[in-house]
Amino acid sequence: MTLPAWLTAINFNADGLIPAIAQDHKSGRILMMAWMNSDALQLTAQTQTAVYFSRSRAKLWHKGESSGHTQTVHDIRLDCDADVIVLSVTQAGGIACHTGRESCFYQRLDLSGQTPEWQTVDNVLKDPADIYQAHESTSANSQTKNTRAHANSDTGQARVDKSSVLQQLDQVLVERKQADADSSYVASLYAKGLNKILEKVGEESTESIIAAKDFANCDENRDKAQYDEARHELIYEVADVWFHTLVGLAWFDIESDAVLNELGRRFGLSGIDEKAAR
């Protein structure tokens, strides 16, 4: 696949990676360093949210996918040797480090004594146990799994009639608009307002893109288990996008039938003609 011209200007290392430094958009403080490959950098530019590449897991990861501490990207800079990236970001929650601190660079070398010593100079802002819904070794899919659990609890059952699932969701979403914020996941989204709902749509869209990229890199003949897992993950992520989009429609009192009717209208209509008629 041919890379865009702006990506070919980058000197990725032998592993196809480049170090990326995240810097607070307002204070200028260095928050963290991670790695990016061309896919991660391209997704970051497209979505304006930080996406990195995990060397240990050999896959893309969306910053905040398990903690909620996403990074909105305002600016992307390339150094003079074209081998280091700097991201200017707004850090959700004010916490970039998995230790619960603002920055991963919370240790300072004290040179005042006879022997230099590393000293911790930043306080923990939030206990990692409260940030992550499981231990640090929990996979990056924890947030996705919790979203699925919320969706199941909101529908009240694990399986529904597929022919009427959208109509049933419409009904549940309307009911949740009047529910207490502590009673369900959807009710809590409505309580937080439209911007939070749209933020979730954006997050889940990015997750589905990452899942699609991961699935595209799987070989069914080489590793069937990995292939099946990646396939299921893509389906789950797309379901999350659909679900949160429906929540957004319900905010405006628009039911899923309106979208189905629009899709039905397009049958037999050339996509080129349809766009020209807009």
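These legends describe close-up views of a predicted model. Local features need pLDDT of at least 70, side-chain atom pairs count only at pLDDT 80 or more, and totals for chains, interfaces and linings use all residues. Residues are numbered from 1 along each chain as its sequence is written, and side-chain values use heavy atoms, without hydrogens and water.

**View 1. The largest nonpolar core holds 26 residues.** Such a core joins buried Ala, Val, Leu, Ile, Met, Phe, Trp, Tyr and Cys residues through side-chain atoms within 4.5 Å; buried means under 20% relative accessible area with a 1.4 Å probe, protein chains only. M32, M36, Y52, L60, I85 and L87 touch the most other members. Elements giving two or more residues include strand 1 (18-24), helix 2 (38-47) and strand 6 (85-91). Strand 2 provides the largest share, five residues. Helices (H or I, at least four residues) and strands (E, at least two) are DSSP runs numbered from the N terminus.

**View 2. Surroundings of M36.** Neighbours within four places in sequence are set aside. Contact means heavy atoms within 4.5 Å. Among the partners of M36 are F12, L41, Y52, F53 and L87.

**View 3. An open sheet of four strands runs in the order 2-1-6-5.** Its pairing is mixed; two strands pair if DSSP finds at least two bridges between them. Strand 2 and strand 5 (71-78) are the edges, each with a single partner strand, so one side of each lacks a neighbour in the sheet.

**View 4. Strand 1 beside strand 6.** The two pair in the parallel sense over five bridges. A20 has I85 in strand 6 as its bridge partner.

Key. Buried < 20%, exposed > 50% of the residue type's maximum accessible area, 1.4 Å probe, protein only.
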